[in-house]
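Please read the following report alongside the sequence and the model.

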Amino acid sequence: MKISTQISVETPESIDLYAEPAGIVIRCLAWLLDQFVIAGVQLVCFILLSLTGAAGWGILLIIWFSFSWFYSVLFEVLSEGQTPGKKWMGIAVVNDDLTSIGWGTSIVRNFIRFADAMPIAYFAGIITMANTKHFQRLGDLAAGSLVIYRQTENSLGGLPDARPQVANFPMGREDQLAVIGFAQRHNQLSAERQQELANIMGPLLPVDEQHRVDYLRGIGRGLVG
Amino acid sequence: MRQQDFELQYTALWLDLEAWLSTSRWRWRKKKEQEPVSEEFIARVPEAYRLVCHHLALAKKRRYSPHLVDRLNRIVVGCHNRLYAGNPRFRYQWLRFFIIDFPRALHDNSLYVKWATILFLIPGIMLGVLCYFNPEMIYSVMSWDQVREMESMYDPSRRILGREREADTDLFMFGFYIYNNIGIAFREFAGGILLGVYTVFVLLFNGVILGAVTGHLTQLGYYETFYPFVIGHGSFELTAIVLAGAAGLKLGVSIISPGHFTRLGSLREASREAVKIVIGAGVMLLIAAFIEAFWSSKASTPVWVKLSVGAVLWALVLGYIKYMGRRASMMYARVTDGSE
């Protein structure tokens, strides 16, 4: 069995798109950040409007109402699935075919938040998230939405300048991929970790310990072309 | 083809698409310094998208590095989202919603509307009758304080003496009705996912309380203050509570009895319809809040004016639901040719 939570969706162009669903903890953090934003804005409104008497209280109630029901809806639809909290945590809401979320879907998932929060502290939502394959709470199940990681560009900073090499041992496709990955991520991994990884290959490589990393990088370069 | 040659050959196209993806769909979010993507390129986007799909497939097949595959996948996902997204802009959609979508959803789900009406009206009428014939009955559903407060609100002797509410308090009450009533309706809908239990509870509860109050005040002889006050906004408010209940019931029933679908699929289908009903109910409650705060509370308006305006509003609401619903449903069936 493949232990992976990755979601793949086939498009009409026969391409499989994939995405990584976001888990409970990161979603809770995003929710918490949003609560801070909401509390902050409401506090400011409260200070400004409480001075203006009964009419101010009326407006304050309307603001409270709008925030508690429409904060997430507006941000999710107008800002490509991301409330400020989700944006900071790098996650986003999408339909389960990975397209952007619309008004109806967003309203369903955010209104049903009320049922998710039952009986206390999002108990129902957390239980459902823990028991569904893609970490969906009740609102997500009803709306057909998912929370996924927004893939961010991670620049690799080019290939290392090692002399291209031809491997002195046979390599399968998976092996080639691993070695290319090793070369491309040369400035993401610490030197010690790279040495450690290279040592696994140790017996196969025709060089002494200090030059194993360079040699592997060289093979990687040679493979990329 | 080696990966680097492949990248060199197509990077220009990928960069163009990435530039297009980084522009916002929203005019007010356009960044100043960003160079606008040319019209010619936008016209070529679908073609470019198909090419990149091809590149992604090739990159996967040829086992190019995960970094390149990720980048291509990111472009493809982005384009897919843009090209297949619905139009989230309002423009005329709200008009379509009130002429077609909302009344059609009501008409096609009239079974749920009927049941919600029954769950609301039966306890209402029962308690109304009970409280009318038995003055003590009201105390079994409301506390002594609540009864006293409610009685003093509609006491005819106080009304005549008391001056009109100031505009200030009108605005406060408007905010309060929005916060309270629309919140109730939205929760009534959301609670439907708990197998409809919560929705049924809200319907019964509101039926009981409103019925009891009506019966009790009628029995006290306060009808000259009570009925003119409630008839206007009642048209929108009571109907909307029932409609939000129908939306909640639909969610609940879809899980309990999914028919040909899986339970999950059935819930999804149901929520798509139910959300239309609940949005409509929300707007109706907004109108109700406005009427209640700025019209119903005007003590100076003669009773007969209030009653006739109220009657017209009731006729409008019920007529809209009945006739617009049937018309929209027929129109919709003709347009989609029964394929949906």
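Chain A has a radius of gyration of 25 Å, whereas a compact globule of 225 residues would have one near 17 Å. The radius is taken over C-alpha atoms, and the globule rule is 2.2 Å times the number of residues to the power 0.38. Along the principal axes, the C-alpha atoms of chain A fill a box of roughly 85 × 40 × 35 Å.

This is a predicted model, in which local features need pLDDT of at least 70 and side-chain atom pairs count only at pLDDT 80 or more, while totals for chains, interfaces and linings use all residues. Residues are numbered from 1 along each chain as its sequence is written, and chains are lettered from A and ligands numbered from 1 in the order in which they are written.

**Confidence**

The predictor gives the complex an ipTM of 0.85 and a pTM of 0.83. Its confidence in each residue is the pLDDT, which runs from 0 to 100. Chain A averages 85, and 94% of its residues score at least 70. Chain B averages 86, with 90% of the residues at 70 or above. In chain A, the lowest confidence is in helix H8 (residues 173-184), with a mean of 78, and the highest is in helix H7 (residues 138-143), at 94. In chain B, the lowest is in helix H7 (residues 156-161), with a mean of 60, and the highest is in helix H5 (residues 110-133), at 95. Where pLDDT is low, the predicted coordinates should not be read in detail.

**Secondary structure and burial**

Helices (H or I, at least four residues) and strands (E, at least two) are DSSP runs, numbered from the N terminus. Chain A has 10 helices and four strands, in the order β-β-α-α-α-β-α-α-α-α-β-α-α-α along the sequence. Chain B has 12 helices and zero strands.

A residue is buried if 20 or more other C-beta atoms lie within 10 Å of its own, exposed if 12 or fewer, and partly exposed in between; C-beta atoms are placed from the backbone. By this count, 35% of the 225 residues of chain A are buried, and 38% of the 340 residues in chain B are buried.

**Helices**

Helix H2 (residues 54-78) of chain A has a kink of about 60 degrees, centred on A:Phe70. The bend at a residue is the angle between axes fitted to the seven residues ending there and the seven starting there. The buried residues of H2(A) include A:Leu60, A:Leu61, A:Phe65, A:Trp69 and A:Glu76. An α-helix has 3.6 residues a turn, so residues three or four places apart point the same way. After H2(A) comes A:Glu80, with a positive phi near 50 degrees.

In chain B, how do the axes of helix H10 (residues 223-256) and helix H11 (residues 263-296) cross, and within what distance do they come? They come within 8 Å and cross at roughly 170 degrees. Axes are lines fitted to C-alpha atoms, for helices over the stretch in contact, and angles run from 0 to 180 degrees between N-to-C directions. H10(B) and H11(B) are therefore roughly antiparallel to each other; angles under 35 degrees count as roughly parallel, over 145 as roughly antiparallel, 65 to 115 as roughly perpendicular and the rest as oblique. The residues of the contact of H10(B) with H11(B) comprise 21 nonpolar, eight polar and six charged. Ala, Val, Leu, Ile, Met, Phe, Trp, Tyr, Cys and Pro count as nonpolar, Asp, Glu, Lys and Arg as charged, and the others, Gly among them, as polar.

Most residues other than glycine have a negative phi, and most peptide bonds are trans. A cis peptide bond joins A:Met118 and A:Pro119, with omega at about -15 degrees. A:Pro119 lies in the loop between helix H5 (113-116) and H6 of chain A. A:Ala121 is in the loop between H5 and H6 of chain A and has a positive phi of about 50 degrees although it is not a glycine. In chain B, B:Leu195 has a positive phi near 55 degrees and sits in the loop between helix H8 (167-190) and helix H9 (197-220).

A:Ala130 belongs to helix H6 (residues 123-131) of chain A. Its C-alpha atom is 19 Å from that of A:Asn95, 35 residues apart along the chain. A:Asp97 is in the loop between strand S3 (91-95) and helix H4 (103-111) of chain A.

| Residue | C-beta neighbours within 10 Å | Class |
|---|---|---|
| A:Ala121 | 9 neighbours | exposed |
| A:Ala130 | 11 neighbours | exposed |
| B:Leu195 | 14 neighbours | partly exposed |

How values were computed: pLDDT is the predictor's confidence in each residue, from 0 to 100.
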